[in-house]
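Today I am opening my notebook on a new structure. I will write down what I looked up, one topic at a time. Come and read along!

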Amino acid sequence: MTASVLLPSYLVDGPLNGRNDTATYDGGPPPPDETLAGARFYVPPYMGAPADLALMARMPALEVCQTLTAGYDNVLPHLPGGVVLCNAGGVHDASTAELALGLILASLRGIDEFARAQPSGEWRHGRRSSLADRRVLVVGNGGVGRAVRARLEPFEVDLTVASRTPRPDADPPVHGMDRLPALLAHAEVVVVAVPLDDRTRGLVDADFLAGMPDGALVVNVSRGPVVDTDALLAETSTGRLRAALDVTDPEPLPPDHPLWRAPGVLISPHVGGNTTAFLPRARRMVAAQLRRWDAGEPLEHVVRPAG
């Protein structure tokens, strides 16, 4: 049987065992032309190179591109016409929300400073900010945003949510993005969990940051370009705001970039979704999508219909 499904080898275990129409590609040298010509369902390698996405131009039969990432802005320039694009909805929610919570706690409680002081045996005793009683604003109400909310609720915070789609009857209510200026003025912690697109690129700009109170913490677990790096650097270099970032712009952040050394800035290297929780969820999600595709049923997590 000609392979109609092209996916990374690490997805073949689990629910996909026994499927005989698959070929594997983990990045690097392209598969044979025959494999590319027959591919109808493509799962690019997780966090792969642009060349992995450019391969779609050599797949004339391609119907579906299923990413293993929640973000898909990097896929759009390579997506052929008529191909459905699906993202990894739900796969990274738990891991990314865990990291968001970890970044908040580490920043507020000074854990990063304690770690830097440990090699020299410095005992940095002092009073730090708690997460309890903080006014927290989550910007974004997708899967990651909802997972962040769920993990924040037991921490006795005053929680507010903003999203493109207001839901005043939700608990807590979801405010529209037009309410951001008023919400930011009271937010001591702001977690940004939105997809990157034309509406969110540069969302966290100089005006956004200026609207936050002194000493507030901004946490970015979305995409680097959602935040204006120069504007963030201007606020953090003076110590007025703090930041905890899993993503940056540019990315990777160059070693000599001043953001590395800005006071009150904690940076992790885009590891929000890359945990042991990834593979089992990715395998289940891809297997479920393939069952729908085989049956001619609507796919889930469609972010760009065939056009």
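**Entry 1: cysteines**

I began with a term: a residue is buried under 20% relative accessible area, exposed over 50%, and partly exposed in between, using a 1.4 Å probe and protein chains only. I also noted that this is a predicted model, where local features need pLDDT of at least 70, side-chain atom pairs count only at pLDDT 80 or more, and totals for chains, interfaces and linings use all residues. Residues are numbered from 1 along each chain as its sequence is written, and side-chain values use heavy atoms, with hydrogens and water left out.

A disulfide is a covalent bond between the sulfur atoms of two cysteines. For my search, a disulfide was a pair of cysteine sulfur atoms within 2.5 Å. How many disulfides does this rule give? The count is zero. Cys 65 is in no disulfide, and its nearest cysteine sulfur, that of Cys 86, is 8.3 Å away. Cys 86 is likewise in no disulfide, with the sulfur of Cys 65 at 8.3 Å as the nearest. Are these two cysteines buried or exposed? Cys 65 has a relative accessible area of 0%, so I wrote it down as buried. Cys 86 also counts as buried, because its relative accessibility is 0%.

**Entry 2: pockets**

Next I looked for empty space. Rolling a probe the size of a water molecule over the atoms shows where such space is left. My rules use a 1 Å grid over the protein atoms alone: a cavity is a set of points where a 1.4 Å probe fits but cannot get out, while a pocket is an open set with protein on both sides within 12 Å along at least five of seven lines. Lining residues have an atom within 4 Å of a point. Grid points are joined across faces, edges and corners, and a volume is the space filled by probe spheres set on the points.

The largest pocket has a volume of about 830 Å³. Its lining holds 39 residues, and those closest to the centre are Ala 70, Val 144, Ala 193, Val 194 and Pro 195. Two elements give two or more residues to this lining: α3 (93-109) and α5 (143-152). Which element gives the most? That is α5, with four residues. I name elements from DSSP runs, numbered from the N terminus: helices are H or I with at least four residues, and strands are E with at least two.

Ala, Val, Leu, Ile, Met, Phe, Trp, Tyr, Cys and Pro count as nonpolar, Asp, Glu, Lys and Arg as charged, and the others, Gly among them, as polar. The largest pocket has 14 nonpolar, 19 polar and six charged lining residues.

The second largest pocket has a volume of about 600 Å³. It is lined by 27 residues, and Met 47, Gly 48, Asn 74, Arg 223 and His 270 lie nearest its centre. Its lining has 14 nonpolar, eight polar and five charged residues.

**Entry 3: two residues from that list**

I checked the backbone of Met 47 and found a positive phi of about 55°, although Met 47 is not a glycine. Met 47 sits in the loop between β3 (41-42) and α2 (50-54), and its relative accessible area of 46% makes it partly exposed. His 270 is not a glycine either, yet has a positive phi of about 55°. The loop between β12 and α9 (278-295) holds His 270, which is partly exposed at 21%.

**Entry 4: strands and a cavity**

Two strands pair if DSSP finds at least two bridges between them. Strand β10 (residues 217-220) and strand β11 (residues 242-245) run parallel, joined by four bridges. Val 219 has Ala 244 in β11 as its bridge partner. β11 also runs parallel to strand β12 (residues 265-267), with three bridges, and there Ala 244 stands opposite Leu 266.

Where are the cis peptide bonds I looked up? One runs from Asp 249 to Pro 250, with omega near 10°, and another joins Glu 251 and Pro 252, with omega about -5°. Pro 250 lies in the loop between β11 and β12, and Pro 252 is placed in that loop as well.

About 50 Å³ of space lies in the largest cavity, and its lining includes Asp 249, Leu 245 and Leu 232.
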